[in-house]
Amino acid sequence: MISITVTALVFGVIFLAELPDKTALAGLVLGTRYRASYVFAGVAAAFLLHVVLAVAAGSVLTLLPQRIVHAITGVLFLGGAAMLLLQKGEDEEEIKKPADQSFWRVAGTGFMLILVAEFGDLTQIMTANLAARYNDPISVGLGAVLGLWAVAGLGIVGGKALMKKVPLRLITQIAALLMLALGAWSLYEAVAV
């Protein structure tokens with residue numbers, strides 16, 4: 001059974017945390033050079049793999065006592081909020097153009113770029129935390145993958161327009177506030193239980 005509440009919460013947190021990430025900018029760069037649908041296919045597959053790994057890791061955490069899980073997730077959320085608030089602006093990385101523009105070449109470039117860049121990234125760690133926190137791997141996984149795909153789609157198709165209207169710093173601050181709130185709530189539950 002899928003929890004719409006958990007899915008929506010995870011979607012919002014992951015979406016906001018991924019917007020200022022360098023991989024969103026990489027998707028934007030790839031999308032301006034290659035066919036958008038090819039880029040999205042590769043990027044989406046890489047994000048799906050990352051979410052599956054993160055949810056599996058978070059599900060292992062649920063085997064620990066609840067008090068410990070709440071304390072761990074609280075500290076990790078607070079650390080993630082600090083990382084968002086303290087990060088400097090990231091420059092776009094140069095992406096090599098594939099020799100041809102075939103589906104497999106372009107999708108493979110997008111897949112490998114995201115696979116490497118996102119491994120151990122903040123949103124992957126957050127997804128694992130949320131999977132441990134809610135003990136609902138399907139809802140968490142669905143919310144996380146939809147959030148990542150939404151950012152990838154925005155980055156590939158319309159990232160430049162979005163960044164002109166909404167300051168990246170504001171998006172980062174909103175994501176950090178959400179993580180602070182989740183961290184404080186988790187720590188409260190660890191102590192109050």
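**Figure 1. Helix 3 and the lining of the second largest cavity.** In this predicted model, helix 3 is the largest contributor to the lining of the second largest cavity, giving four residues. The volume of the second largest cavity is about 50 Å³. Across the whole structure, the search finds three cavities of 30 Å³ or more.

Figure 2. The residues I2, I4, F11, I138, L142 and L146 together make a nonpolar surface patch of about 530 Å². At least two residues of the patch come from helix 1, and at least two come from helix 7 (137-165). With three residues, helix 7 gives the most to the patch.

**Figure 3. I4, an exposed residue of the nonpolar patch.** I4 lies in helix 1 and is one of the residues that make the nonpolar surface patch. Its relative accessibility is 66%, and I4 is therefore classed as exposed, the threshold for this class being over 50%.

**Figure 4. T7, a buried residue of helix 1.** T7 belongs to helix 1, which spans residues 4-18. Is T7 buried or exposed? T7 counts as buried because its relative accessibility is 11%, and the buried class covers values under 20%. Leaving aside residues up to four places away in sequence, T7 touches I2, S139, L142 and G143. Among these contacts, I2 and L142 are also members of the nonpolar surface patch.

Figure 5. L170 is located in helix 8, which comprises residues 168-192. The relative accessible area of L170 is 41%, so this residue is partly exposed; the class lies between the limits of 20% and 50%. How far apart are the C-alpha atoms of L170 and P20? The two C-alpha atoms are separated by 9.7 Å, while the residues themselves are 150 residues apart along the chain.

Technical notes: Residues are numbered from 1 along each chain as its sequence is written. This is a predicted model: local features need pLDDT of at least 70, side-chain atom pairs count only at pLDDT 80 or more; totals for chains, interfaces and linings use all residues. Side-chain values use heavy atoms; hydrogens and water are left out. Buried means under 20% relative accessible area, exposed over 50%, partly exposed in between (1.4 Å probe, protein chains only). Contact means heavy atoms within 4.5 Å. Patches are made of residues with over 30% relative accessible area and no salt bridge: like charges are joined within 9 Å, nonpolar side chains (Val, Leu, Ile, Met, Phe, Trp, Tyr) within 5 Å. Accessible areas come from the Shrake-Rupley method with a 1.4 Å probe; for residues, only the protein chains shown count as cover. A salt bridge is a side-chain nitrogen of Lys or Arg within 4 Å of a carboxyl oxygen of Asp or Glu. On a 1 Å grid over the protein atoms alone, a cavity is a set of points where a 1.4 Å probe fits but cannot get out, and a pocket is an open set with protein on both sides within 12 Å along at least five of seven lines; lining residues have an atom within 4 Å of a point. Grid points are joined across faces, edges and corners, and a volume is the space filled by probe spheres set on the points.
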